[in-house]
Amino acid sequence: MSLLKQLSFAGGKVVTLSEDVVAYASGSGVCIVTLSTGAMAFHEGRAIKDSEGNAASEFLGGVSALASCRATSMIAVAPRSIGPSISVYDYPSLDHMYSLEGGAKLDFADIAFSSDGARVAAISKLPDFFL
């Protein structure tokens, strides 16, 4: 018996990107796994930068919230940071589509897309609990 692949999964939220692909937060980013083949890709979490290339928020490492929308093939990721932004990516290209700023002082507890993908809702963690 030999170890073929190690998948780090801390027991958090798993989202579906397609019928055969799931994603979950792992360490400092998001693991994307194709179920039929076992292929895994890792999308590194990073601080969002402003137009001058400066960090827009202090990145603390890791992902605090994750959501997907099958209607629009998008995935939303909120990094653990002070003054975090929610980054929305197109799937499967993982092109950065847009950032949603404000709404939390520290972390987001959860993110959700509306059923048609036109809206994103998020709830923040301590100390503010904004929706």
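How do strand β7 (residues 85–90) and strand β8 (residues 96–101) pair, in the parallel or the antiparallel sense, and over how many bridges? The points below begin with the basis of the model and then take up this pairing.

1. Basis of the model. The model is a predicted one, in which local features need pLDDT of at least 70 and side-chain atom pairs count only at pLDDT 80 or more, while totals for chains, interfaces and linings use all residues. Residues are numbered from 1 along each chain as its sequence is written, and side-chain values use heavy atoms, with hydrogens and water left out.

2. Overall make-up. The protein chain has 0 helices and 10 strands, where helices (H or I, at least four residues) and strands (E, at least two) are DSSP runs numbered from the N terminus. Of its 131 residues, 35% count as buried, a term that stands for under 20% relative accessible area, with exposed meaning over 50% and partly exposed in between (1.4 Å probe, protein chains only). The accessible surface comes to about 7,500 Å², and 56% of this belongs to carbon and sulfur atoms; such areas come from the Shrake-Rupley method with a 1.4 Å probe, and for residues only the protein chains shown count as cover.

3. Strands β7 and β8 pair in the antiparallel sense over 5 bridges, pairing being assigned if DSSP finds at least two bridges between two strands. Tyr 89 stands opposite His 96 in β8, and the hairpin has 5 residues between its strands, with Leu 94 in the turn showing a positive phi of about 60°.

4. Strands β1 and β2 pair in the antiparallel sense over 4 bridges, with Val 21 in β2 as the bridge partner of Ser 18, and a hairpin joins them through 2 residues. Strand β2 also runs antiparallel to strand β3 (residues 29–34), to which 6 bridges join it; here Ser 26 stands opposite Gly 29, and Gly 27, in the turn of a hairpin with 2 residues between the strands, has a positive phi of about 60°. Because 5 of the 6 residues of β2 (residues 21–26) are buried, this strand is largely enclosed by the rest of the structure.

5. Nonpolar cores. A nonpolar core is a set of buried Ala, Val, Leu, Ile, Met, Phe, Trp, Tyr and Cys residues joined through side-chain atoms within 4.5 Å. The largest one has 13 residues, of which Ala 76, Ala 78, Ile 86, Val 88, Phe 108, Ile 111 and Phe 113 touch the most other members. Strands β5, β6 (74–82), β7 and β9 (108–113) each supply at least two residues of this core. Apart from that core lies another, of 12 residues, among them Ala 23, Leu 66, Val 77 and Tyr 91.

6. Ser 64, in strand β5 (residues 58–69), counts as buried because its relative accessibility is 14%. A polar atom of the Ser 64 side chain lies 3.2 Å from the backbone oxygen of Phe 108, and among the residues that Ser 64 touches, not counting those up to four places away in sequence, are Ala 78, Arg 80 and Asp 107, a contact being heavy atoms within 4.5 Å. Gly 11, by contrast, lies in the segment before β1 (14–18) and is exposed, with a relative accessible area of 54%.

Methods:
A polar contact is a pair of N or O atoms within 3.5 Å; within protein, one must be able to donate a hydrogen and the other to accept it, and residues adjacent in sequence count only if both atoms are side-chain atoms.
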